[in-house]
Amino acid sequence: IRRILLELGAPDHLVGHPYVIRAILLVISDRLYINSITFGLYPQLAVEFDTTPARVERAIRHLIEVTWARGDLDILEKYFGNTVNRYAGRPTTGEFIARIANEVRQRMKEGNQNA
């Protein structure tokens, strides 16, 4: 997950970096989190990181904004397809987390088939 984030251009010094990693792990382990981001995922992360859900949400949103502003458009397009357009906006936190979680799931599945 960390390698994917770095490839996308997400700086690992931002507060939101560990939040996103943990959020993706939670979504991979329980898909229901992706359908309850505000009332499920953010509060869970806030408890784990001893902060508030609002701070978690803001830190993740900031990480996505920075990634979208600084990231390589070709790599962003590789992961997010035709939805990527620097001028049209960035994905929501839910879209961002869900897309990376799906990518990790797919890689895990392919890894298991090759074993």
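Which residues form one aromatic cluster? I looked this up in a predicted model, where local features need pLDDT of at least 70, side-chain atom pairs count only at pLDDT 80 or more, and totals for chains, interfaces and linings use all residues. Residues are numbered from 1 along each chain as its sequence is written, and side-chain values use heavy atoms, with hydrogens and water left out.

Entry 1, aromatic pairs. I searched the whole structure and found three aromatic pairs. Rings of Phe, Tyr and Trp (its six-membered ring) pair if their centres lie within 6.5 Å; planes under 30 degrees apart count as stacked, over 60 as edge-to-face and the rest as tilted. One of the pairs is Trp68 with Phe80, edge-to-face at 5.2 Å centre to centre and 75° between the planes. This pair links distant parts of the chain, with Trp68 in helix H4 (residues 53-70) and Phe80 in helix H5 (residues 73-80), twelve residues apart. I take helices as DSSP runs (H or I, at least four residues), numbered from the N terminus.

I call a residue buried under 20% relative accessible area (1.4 Å probe, protein chains only). Trp68 has 5% relative accessibility, so Trp68 counts as buried. Phe80 is buried too, because its relative accessibility is 9%.

Phe96 sits in helix H6 (residues 93-114), 16 residues from Phe80 in helix H5. Both Phe80 and Phe96 are buried.

The one aromatic cluster is formed by Trp68, Phe80 and Phe96.

Definitions and conventions:
Helices (H or I, at least four residues) and strands (E, at least two) are DSSP runs, numbered from the N terminus. Buried means under 20% relative accessible area, exposed over 50%, partly exposed in between (1.4 Å probe, protein chains only).
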